[in-house]
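Please look over the structure below with the following report at hand.

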Amino acid sequence: MRTPKGIVAVAAAVCSLAGVASGKEMKVNMKLKAELYDSGIRHEQIMALKNRIWDELDAQGVYDSTQYKPFPVASPVISMMTGNHDTVTEPATDFIACKDGVASYVPGDPKYTFKCSNLDLYDFKTHSQLGSASGRGAGSWGWYNHRSGREFVAIAQLDGTSFSEVSKQGKLIYLGRLPQYPTALPSLWREIKGYKHYVVIGSEADNHGVQIFDLEKLETVDPASPVVFSNDKDLAGFWTEGLPVGRSHNVVTNEERDYGVAVGFAPRNATLRAGLVFFDLKDPKNPKTLGGTGQDGYVHDAQCIVYRGPDRKYDGRDICYGYDEDSLTIFDVTDKKNIKILSNTSYEGASYTHQGWVLDPMWQQYLIVDDEYDEVDAVGPAADGYPISYIWDISSLESPKQTGHYKGLRKGIDHNQFVKDGFSYQSNYALGISVLDLRSVPKDPTGKGIKEVAYFDTHPEDDNVPGGGNITFTGSWSHYPFLPSGYIVINTMDRGAFVVKASKDLKKV
């Protein structure tokens, strides 16, 4: 058992090495990597802090979502067609415009007054309204049915996954839920990714495995009778053979190449060292393990896509951009039995390399990365507590360069981001969601041209603290920004799910 003294001593080493604030790429410090990251000490340190914060919030009743007032319902009544062509009614609710920097569905009550810019509020459902007895939101994903024109979202919670339709009016229509796998205990860490009309669901709970659920099942659900789906009868597929104890920190999919990936699967001392393990999705009913790698140890998150970009040597190759706690690690995973590391690069300010996304999947020249712990450690560009988006030039996959960064406008911790049409949509815990215009990056990769064009703060409890936000692990865990309607569904840890939409064309802001 590692002592707190040992954790603090090694953590101090990363602070001293990362104290320079210029923010450039650097070689991985292999001694520090072994002592702090590969050992699991840094991960244990973060987990201990998160659990302490969450236990305190739980004791205060923050995670009892029934305490939060639901979004108001107004008349008239409008009709909606279900998949079986039965007409049901949905109360029409006016959206709440972001006006003078706030949107409030309980005017005058600071608990329901959300700071914002260029994002209007269309709906809010508590976790209780979304079928959860426990609440505590985590990952999320969505699906658009091109045939019917309907949009659906999956919302991860402590006790399973909730499914809703996003109506044409931007309302969440609860349709049912899939409980956690019956051999597993509830877990806050539940992550979701999409594969065609399926969602792939992983969890940090032992013996959970990866659930594969067909969202087409939602097409025929009557909203008046939400369905609790069965793990025995309703799963399209289930995979666990590549997971030593049946758990994963996150799941990733590559739709173009028909596979899924589990990352951060315990334990670190197993054959693949909690790195990357791949499973075939061509037949979701019968997923097979394809191979994996533990060459760089634990991988916290990844984006795996077919390479298209300036590094012609790798054109058409299967590439995974790995976020490996202390570094950006780029893998060539074309041959799942013979995976190669193309580069392994750290950066000044690195505390816990968490997640990232390419700026343009059709021309992969730049990558945006977030670090989940640099604000807590108060190191590098984030030393003052404002979240940093790190910019990487990946013109050479073998030699990526960290060219600059963008500093957020309010204090807090960055967590999960996705890039769509040159805009980064970021779930930044207590800061809610922030939208950054990255279109200037190809001309100015220093980040000086990046600007925040919209935000919606889902956690008003810390609005008045110095810096405009708390450096803490609660609030917005994730969101889904890819629905064709433009609606963005935000999954929060405490309250439930928000639906927002841009007030105007963000390209013109």
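## The second largest cavity

The residues that line the second largest cavity divide by class into three nonpolar, six polar and three charged. This structure is a predicted model, and in it the second largest cavity has a volume of about 70 Å³. Its lining is made of Gly139, Ser140, Trp141, Glu191, Ile192, Lys193, Asn250, Asp301, Gln355, Asn416, Phe418 and Ser478. Strand 7, strand 11 and strand 28 are the elements that give two or more residues to this lining, and strand 11, with three residues, provides the largest share.

## The largest cavity

By the rule applied here, there are four cavities of 30 Å³ or more. The largest cavity holds about 120 Å³ of space, and of the 16 residues that line it, Pro387, Gly408, Asn428, Ser434 and Glu452 are the closest to its centre.

Strand 26 (388-393) and strand 30 each supply at least two residues of the lining of the largest cavity, with the largest share, three residues, coming from strand 30. By class, the lining of the largest cavity divides into seven nonpolar, six polar and three charged residues.

## The largest pocket

The largest pocket contains about 1,000 Å³ of space. It is lined by 42 residues, of which Trp141, Glu255, Trp357, Tyr480 and Phe482 are the closest to its centre. Two or more residues of the lining come from each of strand 7 (140-144), strand 11 (190-195), strand 16 (250-254), strand 20 (301-306), strand 24 (353-358) and strand 28 (416-420).

Strand 20 gives the largest share of the lining of the largest pocket, six residues. When the lining of the largest pocket is sorted by class, it has 20 nonpolar, eleven polar and eleven charged residues. Trp141 is listed both among the residues closest to the centre of the largest pocket and in the lining of the second largest cavity.

Strands of a sheet pair through backbone hydrogen bonds, either parallel or antiparallel.

Strand 7 pairs with strand 8 (residues 151-157) in the antiparallel sense, over five bridges, and glycine 142 stands opposite valine 153 in strand 8. Valine 166 lies in strand 9 (residues 160-166) and counts as buried because its relative accessibility is 3%, against a limit of 20%. The C-alpha atoms of valine 166 and isoleucine 155 are 12 Å apart, although the two residues are separated by eleven residues along the chain.

Strand 13 pairs in the antiparallel sense with strand 12 (residues 198-203), over four bridges, where phenylalanine 213 is the bridge partner of valine 199. The hairpin of strand 12 and strand 13 has six residues between the strands, and asparagine 207 takes a positive phi near 65° there. Strand 13 also pairs in the antiparallel sense with strand 15 (residues 237-239), over three bridges, and here tryptophan 239 is the bridge partner of valine 210.

## Contacts between rings and charges

The count of aromatic pairs comes to 29. In one of them, the ring centres of phenylalanine 124 and phenylalanine 498 are 4.7 Å apart and the planes stand at 45°, so this pair is tilted. The pair links distant parts of the chain, since phenylalanine 124 is in strand 6 (residues 119-126) and phenylalanine 498 is in strand 34 (residues 496-502), 374 residues apart.

Another pair, tyrosine 429 and phenylalanine 473, is edge-to-face, with 5.2 Å between the centres and 90° between the planes. Tyrosine 429, at 0% relative accessibility, counts as buried, and phenylalanine 473, at 1%, counts as buried too. Charged side chains also meet rings: arginine 268 lies over the face of tyrosine 298, 4.2 Å from the ring centre, and the charged end of lysine 336 sits over the ring of phenylalanine 278, 5.5 Å from its centre.

Definitions and conventions:
Residues are numbered from 1 along each chain as its sequence is written. This is a predicted model: local features need pLDDT of at least 70, side-chain atom pairs count only at pLDDT 80 or more; totals for chains, interfaces and linings use all residues. Side-chain values use heavy atoms; hydrogens and water are left out. On a 1 Å grid over the protein atoms alone, a cavity is a set of points where a 1.4 Å probe fits but cannot get out, and a pocket is an open set with protein on both sides within 12 Å along at least five of seven lines; lining residues have an atom within 4 Å of a point. Grid points are joined across faces, edges and corners, and a volume is the space filled by probe spheres set on the points. Ala, Val, Leu, Ile, Met, Phe, Trp, Tyr, Cys and Pro count as nonpolar, Asp, Glu, Lys and Arg as charged, and the others, Gly among them, as polar. Rings of Phe, Tyr and Trp (its six-membered ring) pair if their centres lie within 6.5 Å; planes under 30 degrees apart count as stacked, over 60 as edge-to-face and the rest as tilted. Buried means under 20% relative accessible area, exposed over 50%, partly exposed in between (1.4 Å probe, protein chains only). A charge sits over a ring if NZ of Lys or CZ of Arg is within 6 Å of the ring centre and within 35 degrees of the ring normal. Two strands pair if DSSP finds at least two bridges between them.
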